[in-house]
Amino acid sequence: MSSLGRMLGVLDLFDDTRLTRTAEDIAAAMEVSLPTGYRYVRTLLEAGLLQRVENSHYTLGPRIILLDHYIRKADPVLREGIPVMRELVEKTGFDCVTSGLFGTQVLDTHREMGGAPATLAYGRGRPRPLFQGGAPKVLLASFTPVQLRKVFDARHDEIVRCGLPAEWSEFRKYFAGIRKAGHYVSVGELEPQLAAVAAPILKSDGSAWAALSLVLDTSRLAIVDIRKLVQLVTEGAARIGGRLA
């Protein structure tokens, strides 16, 4: 990895468990000398990608907020999808969420609030588990067999912990079923009080731009028409995909 690549790798050291770090932490984690660690920190401070907080600790910087603004403005899924999401919220009263797959991280990219917004543990920018919930599963179902096999081999222990098939043939069959259905309904998989109806926003080659989901409280399942929600979500995802094409 180049020196620039290693320096930018400092940004990956921050997560929910480590919101701040010292220059010494950074040098140790990056396996570089302390002077090099300080040089990385200084350069990232000047770029606004880090900022100094209390007691010589550093955290992610304000320029990332600015970059996120530009990402939202440029995201074609949001540009074409938000009007459709608002229609779905108006018709159902439920929250509508788009989620994307970046590498092997699933991230929610936008949420339109319903009449009684759900309390979500995961929001824009916080990685979601890859094998739990409607959005991740319809995204994985869009993978080619080769892509899916790589995930299966790399994350097998996690797959088993999440209750998915431990054998490749059954794992592949499970996601082939979701792909054929064109949607997935999750109930309490990620958060026990929530259900979601998700469908992929597909590209012409069968891969997915993103996932579109309606999120509702599980207490509503007894009084809503799930088949109608499935129809609305799949039609909405197809409309967005058609506009992107």
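Tutor: Strand S4 (residues 105–112) is mostly covered, with six of its eight residues buried. Buried means under 20% relative accessible area, exposed over 50%, partly exposed in between (1.4 Å probe, protein chains only). Strands (E, at least two residues) and helices (H or I, at least four) are DSSP runs, numbered from the N terminus.

Student: Is this predicted or experimental, and how is it numbered?
Tutor: This is a predicted model: local features need pLDDT of at least 70, side-chain atom pairs count only at pLDDT 80 or more, and totals for chains, interfaces and linings use all residues. Residues are numbered from 1 along each chain as its sequence is written, and side-chain values use heavy atoms, leaving out hydrogens and water.

Student: What does S4 pair with, and in which sense?
Tutor: Strand S3 (residues 95–102), antiparallel, over seven bridges. Two strands pair if DSSP finds at least two bridges between them. Cys96 sits opposite Glu112 in S4.

Student: What about the turn in the hairpin of S3 and S4?
Tutor: Two residues lie between the strands, and Gly103 takes a positive phi near 70 degrees.

Student: What's the strand order in the open sheet?
Tutor: S4-S3-S7-S6-S5, five strands with antiparallel pairing. S4 and strand S5 (184–187) are at the edges with a single partner strand each, so one side of each has no neighbour in the sheet.

Student: And S6 with S7, how many bridges?
Tutor: Nine, antiparallel, between S6 (residues 194–202) and S7 (residues 208–217). Ala195 stands opposite Leu216 in S7.
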